[in-house]
Amino acid sequence: TARWILRPIDRLTETADALGNGNLSARSKLGRSDEIGVLGNRIDEMADRIEALLVTEKELLANVAHELRTPLTRIGVALDLAGEGDSEAARAALSEIAVDVTELEAIVDDILTAMRAEVAGTLPLRKAVVEPRSIADASASRMLQRHPERPFTVTVADELPAIDADPMLFRRVIDNLLENAHKYSPDRSTPIDLTVTRDVDRVCFVVEDRGIGISAEDLPRVFTPFFRGDRSRSRETGGVGLGLTLAKRIVEAHQGTIEVASEVGNGTTVRVRVPWIA
């Protein structure tokens, strides 16, 4: 009886020591249904979560390094061209630098916002009475400025009620969804649509594209921090896998919901619903 009790405890001790020494593959694997078995399963589950978290952090560092390197390299090339003395080339180079600096700011801002949310447990909001049309117009203007070649339509219903929202953060949600729609629609002739309508007690923002879509396997994980579905394709489209995670946190901080419907080859539709002010 003593051996039957002590043997699994010894194994749990060995597993805990191995994990403490950095062997994250160590598991107790007791396979028992009693209290000691439950404890062993909990330790193994904890080890799984820790291992997944560390893998995620490594992927984040790799993604951030890649994303920072690309615009920094382009900025270096643009500065070299500007230094050659050709005023026309210098103006073009400065325009490219402005785009790359904006991209760098977006990457850093996403990371900092995610870190603040983790530390505080929620996002600090500076709410105001906001007209949904103003959000749509601001995001549409940014979209058209960044991607003038893309067919893009905006439809906003008449007499929409106002929403109680942080205008900057909520606009980031729509900006992110539109940018994703552009990134994952490699055929630049396919349109992207932004529609704003009124539901029973909600204002609904819908972003729809006809791009590559998301597989059924990846769809449940799109809001997971740093998740990247197709690695090779993710490298081409950029980002560090925080955009949709932040969008979900921002929308939920506004007591709203965000839903993604997609099919490979047939595009993606994202619906954001937030309460309107009665």
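Colleague: Why is Leu6 called partly exposed?

Modeller: In this predicted model, Leu6 has a relative accessible area of 46%. Buried means under 20% and exposed over 50%, with partly exposed in between; Leu6, at 46%, is therefore partly exposed. Leu6 lies in helix H1 (residues 2–20).

Colleague: What makes the nonpolar surface patch that includes Leu6?

Modeller: Ile5, Leu6 and Ile9 make the patch, which covers about 230 Å². A patch residue needs over 30% relative accessible area, and Leu6 has 46%.

Colleague: How do you know that Met143 is buried?

Modeller: Its relative accessibility is 4%. The limit for buried is under 20%, so Met143 counts as buried. Met143 is placed in helix H4 (residues 132–146).

Colleague: Which residues are in contact with Met143, leaving aside neighbours within four places in sequence?

Modeller: They are Arg150, Phe152, Leu178, His182 and Ile192. As for His182, it is 39 residues from Met143 in sequence, while their C-alpha atoms are 9.0 Å apart in space.

Colleague: What makes up the largest nonpolar core?

Modeller: That core has 35 residues, and Phe170, Phe205 and Val272 have the most contacts inside it. Helix H5 (residues 167–183) gives the most to this core, with 7 residues. A second, separate core has 8 residues, among them Leu12, Ala18, Leu30 and Ile43.

Colleague: Which residues does Val272 touch, not counting those up to four places away in sequence?

Modeller: Val272 touches Phe170, Val173, Leu177, Val203, Cys204, Phe205, Val251, Thr257 and Ile258.

Methods: Residues are numbered from 1 along each chain as its sequence is written. This is a predicted model: local features need pLDDT of at least 70, side-chain atom pairs count only at pLDDT 80 or more; totals for chains, interfaces and linings use all residues. Side-chain values use heavy atoms; hydrogens and water are left out. A nonpolar core is a set of buried Ala, Val, Leu, Ile, Met, Phe, Trp, Tyr and Cys residues joined through side-chain atoms within 4.5 Å. Buried means under 20% relative accessible area, exposed over 50%, partly exposed in between (1.4 Å probe, protein chains only). Helices (H or I, at least four residues) and strands (E, at least two) are DSSP runs, numbered from the N terminus. Contact means heavy atoms within 4.5 Å. Patches are made of residues with over 30% relative accessible area and no salt bridge: like charges are joined within 9 Å, nonpolar side chains (Val, Leu, Ile, Met, Phe, Trp, Tyr) within 5 Å. Accessible areas come from the Shrake-Rupley method with a 1.4 Å probe; for residues, only the protein chains shown count as cover. A salt bridge is a side-chain nitrogen of Lys or Arg within 4 Å of a carboxyl oxygen of Asp or Glu.
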